[in-house]
Amino acid sequence: MILVNENYSKLKASYLFADIAKRVKVFQSSYPEKPIIRLGIGDVTEPLPPACVEAFHKAVDEMATRETFRGYGPEQGYEFLREAIAQNDFRKRGADISADEIFVSDGAKCDTANIQELFAQKLKIAVPDPVYPVYVDTNVMAGRTGKNTAGRYSGLVYLDSTQENGFVPPPPETPVDLVYLCFPNNPTGAVATKEQLAAWVDYARANKALILFDAAYEAFIRTPGIPHSIYEIPGAKSCAIEFRSFSKTAGFTGTRCAFTVVPKELAAYTQKGEAVPLHPMWTRRHTTKFNGVSYPVQRAAEAVYSREGKKQVKATINFYLANAKIIRKAFLKAGYDCTGGENSPYIWVNVKGGKSWDFFDRILHDAQVVITPGAGFGRDGEGFIRVSAFNSRTNVEEAMRRISAIL
Ligand code: PLP
């Protein structure tokens with residue numbers, strides 16, 4: 001008899017964005033004449049940078065002749081891309097990461113989920129609350145949690161990210177084995193300072209724990225001194241894996257390209273306490289279960305690091321950050337506290353004692369704008385909403401005009 005993975009039944013009944021879509025659909029069918037503006041789901045709206053498009057086209061043309069055609073490439077990614085990443089994203093910032101520590105993939109979402117395969121089943125895992133839901137749900141699927149009661153899974157250590165700690169939780173009092181951190185944060189938009197990350201690195205080293213550091217929004221950092229990579233912190237190479245993505249950096253959400261950094265000195269331990277290096281294990285996993293990102297996509301990603309590419313990426317992100325500024329300003333003017341939106345495309349708004357989903361319904365019904373209820377990201381997200389800066393200037397201005405009028 002084929003037995004089912006019963007852990008799936010522990011997952012909360014529906015996914016946040018499915019709930020939102022359902023409510024929007026009901027509204028739209030009642031008021032089809034009212035145009036809706038979406039500042040909800042975190043998908044980009046601007047096209048690929050022209051430098052990427054040009055490289056993409058050129059690489060597709062290479063696939064069209066026998067002389068330049070490419071079949072299977074190296075599973076970990078082509079050298080040209082791994083080297084460009086190591087040089088531009090790490091070595092230029094003083095982080096000593098080599099090209100062979102970079103694993104190119106088709107997404108940070110799947111990488112943050114798949115990495116769990118390297119670890120034992122029984123682990124003490126810490127996750128921030130609120131949180132990017134993938135970290136939690138994939139641990140539930142893998143059977144690393146108990147049941148969900150009152151919005152929290154037993155077996156997980158929740159790191160409260162609150163207004164009081166500036167949405168950057170400090171390390172817990174008790175030791176844990178695996179910690180998920182994400183900065184700039186989704187959903188709160190908060191960023192961590194060097195000192196705050198150093199406290200986490202010290203904690204991880206002292207407890208032989210591993211940090212999974214998600215830096216998918218790194219390109220939005222503008223404040224000098226805020227670390228772009230955890231490897232800017234001394235000692236992080238021995239206790240952290242970093243996830244990056246071209247999705248938000250360069251509009252690759254539909255094109256798909258990302259990478260994971262697994263330093264060679266990183267280890268996990270056997271029951272007997274013997275250190276086992278993770279780099280060969282992830283190499284084995286990646287080469288066994290993944291056949292590489294397509295050649296044209298990797299060429300398009302490489303173009304992010306060209307002179308033109310860098311300029312174009314910066315301009316697009318500046319455009320989203322200007323949207324974020326408009327959103328922040330409108331909420332602050334209406335008397336609502338906000339974080340994020342300065343080094344992040346997300347603005348996290350305190351709805352002043354109201355419930356997230358009530359505020360969602362109010363904004364949808366009275367302003368026809370879709371935002372994301374903070375409660376969907378965890379118990380500590382209750383009382384907040386997430387507003388995304390990914391949209392056209394016209395839509396952002398119109399959305400904030402409508403919202404300001406009703407607040
Ligand atoms: N990590 C975070 C924090 C995200 O918010 C997202 C997407 O929204 C991802 C990872 C997914 O990245 P990718 O498109 O590379 O799978």
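These legends walk through several close-up views of a predicted model. Residues are numbered from 1 along each chain as its sequence is written, and side-chain values use heavy atoms, with hydrogens and water left out. Because this is a predicted model, local features need pLDDT of at least 70 and side-chain atom pairs count only at pLDDT 80 or more, while totals for chains, interfaces and linings use all residues.

**View 1. Two domains in the protein chain.** Domain 1 covers 6-47 + 308-406, and domain 2 covers 53-306; such bounds come from an automatic or database domain assignment. Taken over C-alpha atoms, the centres of domain 1 and domain 2 are 25 Å apart.

**View 2. Where domain 1 meets domain 2.** Here 36 residues of domain 1 are in contact with 45 residues of domain 2, contact meaning heavy atoms within 4.5 Å. About 3400 Å² is buried between domain 1 and domain 2, and carbon and sulfur atoms give 56% of that area. Buried area is the accessible area (1.4 Å probe) that two parts lose on being put together, summed over both. In domain 1, the residues that lose the most area to domain 2 are Lys 10, Asn 343 and Asp 380, together 20% of what that side buries.

**View 3. Polar links across the interface.** Between domain 1 and domain 2 there are 21 residue pairs in polar contact (both at pLDDT 80 or more). A polar contact is a pair of N or O atoms within 3.5 Å; within protein, one must be able to donate a hydrogen and the other to accept it, and residues adjacent in sequence count only if both atoms are side-chain atoms. On the side of domain 1 that touches domain 2, helix 10 supplies the largest share, 9 residues; helices (H or I, at least four residues) and strands (E, at least two) are DSSP runs, numbered from the N terminus.

**View 4. Salt bridges of Arg 152.** Asp 380 pairs with Arg 152, with the closest N and O atoms 3.4 Å apart. A salt bridge needs a side-chain nitrogen of Lys or Arg within 4 Å of a carboxyl oxygen of Asp or Glu. Arg 152 also forms a salt bridge with Asp 129 (2.7 Å, N to O). Arg 152 lies in strand 5 and Asp 129 in strand 3, so this pair ties together parts 23 residues apart in sequence.

**View 5. Around the ligand.** The ligand is surrounded by 15 residues, the closest being Asn 186, Asp 214, Tyr 217, Ser 245 and Ser 247; a residue counts if one of its heavy atoms lies within 4 Å. A polar side-chain atom of Ser 247 is 2.6 Å from a ligand oxygen atom.
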